[in-house]
2 protein chains.
Amino acid sequence: MHILNLDANASLPPTKSAQKALIESTSWEGNPSSSHSLGRKQRERLDLARMRVAKAMGGIDKDIFFTSGASEGNRWIVDAAKSLGKLKTYTTSLEHPSSAKPLKAAFEAGELIKVDSPAEADLICATAAHNETGLITDWDEIINLANPNSILVADICQSFGRLPPLPARVDAMVSSAHKMGGFPGSGAVLLRGNAKRLKPAWTGGSQEGGLRPGTEALILIHAFGVAASEIDAMREQNIALALLRDKLEEALLNTWSFARRVPESGDRLPNTSAITLTGIDGDALRIMIDSAGLCVGFGSACSALAPEPSLSLISLGLTPQEARCTVRFSLCPDATMEQIEDAIERLTSLSLSP
Amino acid sequence: MHILNLDANASLPPTKSAQKALIESTSWEGNPSSSHSLGRKQRERLDLARMRVAKAMGGIDKDIFFTSGASEGNRWIVDAAKSLGKLKTYTTSLEHPSSAKPLKAAFEAGELIKVDSPAEADLICATAAHNETGLITDWDEIINLANPNSILVADICQSFGRLPPLPARVDAMVSSAHKMGGFPGSGAVLLRGNAKRLKPAWTGGSQEGGLRPGTEALILIHAFGVAASEIDAMREQNIALALLRDKLEEALLNTWSFARRVPESGDRLPNTSAITLTGIDGDALRIMIDSAGLCVGFGSACSALAPEPSLSLISLGLTPQEARCTVRFSLCPDATMEQIEDAIERLTSLSLSP
């Protein structure tokens, strides 16, 4: 049976260009931190990727440093913020665990002080779009409310290839290559404006301008740069996905009288639909959908193997039981009407009864 | 001019098998933490690599977690050790900056307490072999001196593909793929015995058994596993390098009356030779060697662009001036007599006079 990948938000398949970029780089040798000819050549390649990624993120190359991915980037932000003292910090209930958990630990340790409004905050950490529902954060509203001196940090993992860049007032952005057509194992953090005050808390080698110790994952970063250079095309593809996503959603809600969209309103990423199948056993549902050859999301992938219901879905008003039977469909950029019709066929054939 | 890579210790060129492994994996899709079919397939691939790397490191798969490289692994060890309280810690002056700097910061903050003998220590962090000179640490002696309850941690980056695995009494080992034929951007930490007491200090997703948050760099890990599966052959190749290394060293010391080997005695990795060219200007030397098409090391690659002389060379008795004019030759596993003769020709033709 042909597998249908409707789980783009967990990990996007690498683009053809990123695959090609990787293949051309397999024989590269040398450490970009070495001063000799092989090292300098690697450094040029690294800096080309830095320009490409910076441009796609809506910034400039000198403001970018590379990480192993957004989990590291989000943790870096929290650790760097802690070194500035007990910052009053505003965050949302829709953050990815890689941001939510370090923030929670810092609140519990009294290293950062949680506040309830962007207007009170020295530091604001908010995702650009919620990975589980596609709900888009109103960053314009946050910017309007924020104090001019506050540090504004956006996790752009899910919005990167799907929405235009955020306004320049956003001081820091955290991205991951494998959510926008590159490969898992690389990501970037952009720091500008007020975020230049963040102090690196991690020591080791002096790579990435002293901000992130560790030899760079150059070949992944190269592929990340190539994917970034085609980000406009990916954004166009994603805009077009809304039609397919709506078709899928409508068909499922029409068939499943016990199902509803989560959240019921609000702007969403064009590729994402979360549907709660009230009264259906979450584990059984997961197995049925998987057996039908469909890959979908249940909570964040990074905690998909864990039994706890999604805290962010609960914050949207769902009960733990409802969170467990909430399915996320997230379309890949190259999804076709034929695939969506196939998915509808397979899904509506499942015998589900609450 | 053909470039000769005599800087294997900074970053080994990827093996042919690792390159092939990478090419076969470029189209893999899915997140190994997802529970669906694509995710499970990725997880199988991850676990195969885990078995291969564990075996090469002299351990078992359940004791391994993957990182972005040894810099991260070394920092993980220090952060995890800090959470056990003020451990009495023994380390050497030959550690890589990725271990030395986090340890120094922990000593300065009073989070770990520095002691001068392995016999007094709760925690011992020692490299298996010094990256700048190839000097091999006497781990048997450390084991003999160590308290049975102490946690023994070895950075095996430079020894991994060059020496047999360390004894099982070594509780933790930190490795990096790009120092043994894989690609930069992945590494592994092995925890067993007393190291099972180390508590993860980093939060985020629950990847790698909750030890290391972040989606795994699967394709790099796959290539790491393939390189690890051929580690015996690489160790054989490295043993054979001693002959070439000795030939190079002898020719240079015979030609350069002002030069001497560092250190003057002690067991070394078979591929590494460090030579101090007393009285020669370090920066000029670097440029001359580079212009001759030779890639060699000056200090750790991660700090090669920094102006400070190597602290570990100074600990071996060199003056800062001597450290600056110390050249590290480190041969790649496939080095040939022809290349070494070419290198000797180019090096002895340089006009050097103190």
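Student: What makes the area between domain 1 of chain A and domain 2 of chain A count as buried?
Tutor: Buried area is the accessible area (1.4 Å probe) that two parts lose on being put together, summed over both. Domain 1 of chain A and domain 2 of chain A bury about 2,400 Å² in this way, with 51% of it on carbon and sulfur atoms. On the domain 1 side, A:Leu12, A:Arg235 and A:Leu269 lose the most area to domain 2 of chain A, together 34% of what that side buries. This is a predicted model, in which local features need pLDDT of at least 70 and side-chain atom pairs pLDDT 80 or more, while totals for chains, interfaces and linings use all residues. Residues are numbered from 1 along each chain as its sequence is written, chains are lettered from A and ligands numbered from 1 in written order, and side-chain values use heavy atoms, without hydrogens and water.

Student: Where are the bounds of the two domains of chain A?
Tutor: Domain 1 covers 4-12 + 235-348, and domain 2 covers 16-234; such bounds come from an automatic or database domain assignment. The domain centres, taken over C-alpha atoms, are 27 Å apart. Each domain gives 31 residues to the contact, which means heavy atoms within 4.5 Å.

Student: Why is the pair A:Asp232 and A:Arg235 called a salt bridge?
Tutor: The term requires a side-chain nitrogen of Lys or Arg within 4 Å of a carboxyl oxygen of Asp or Glu. For A:Asp232 and A:Arg235 the N to O distance is 3.8 Å, so the pair meets the rule. Across the interface of the two domains the rule finds one salt bridge.

Student: What makes strand 10 and strand 12 of chain B a pair?
Tutor: Two strands (DSSP runs of E, at least two residues, numbered from the N terminus) pair if DSSP finds at least two bridges between them. Strand 10 (residues 272-277) and strand 12 of chain B have five bridges, in the antiparallel sense. B:Ser273 stands opposite B:Phe329 in strand 12 of chain B.

Methods. Helices (H or I, at least four residues) and strands (E, at least two) are DSSP runs, numbered from the N terminus.
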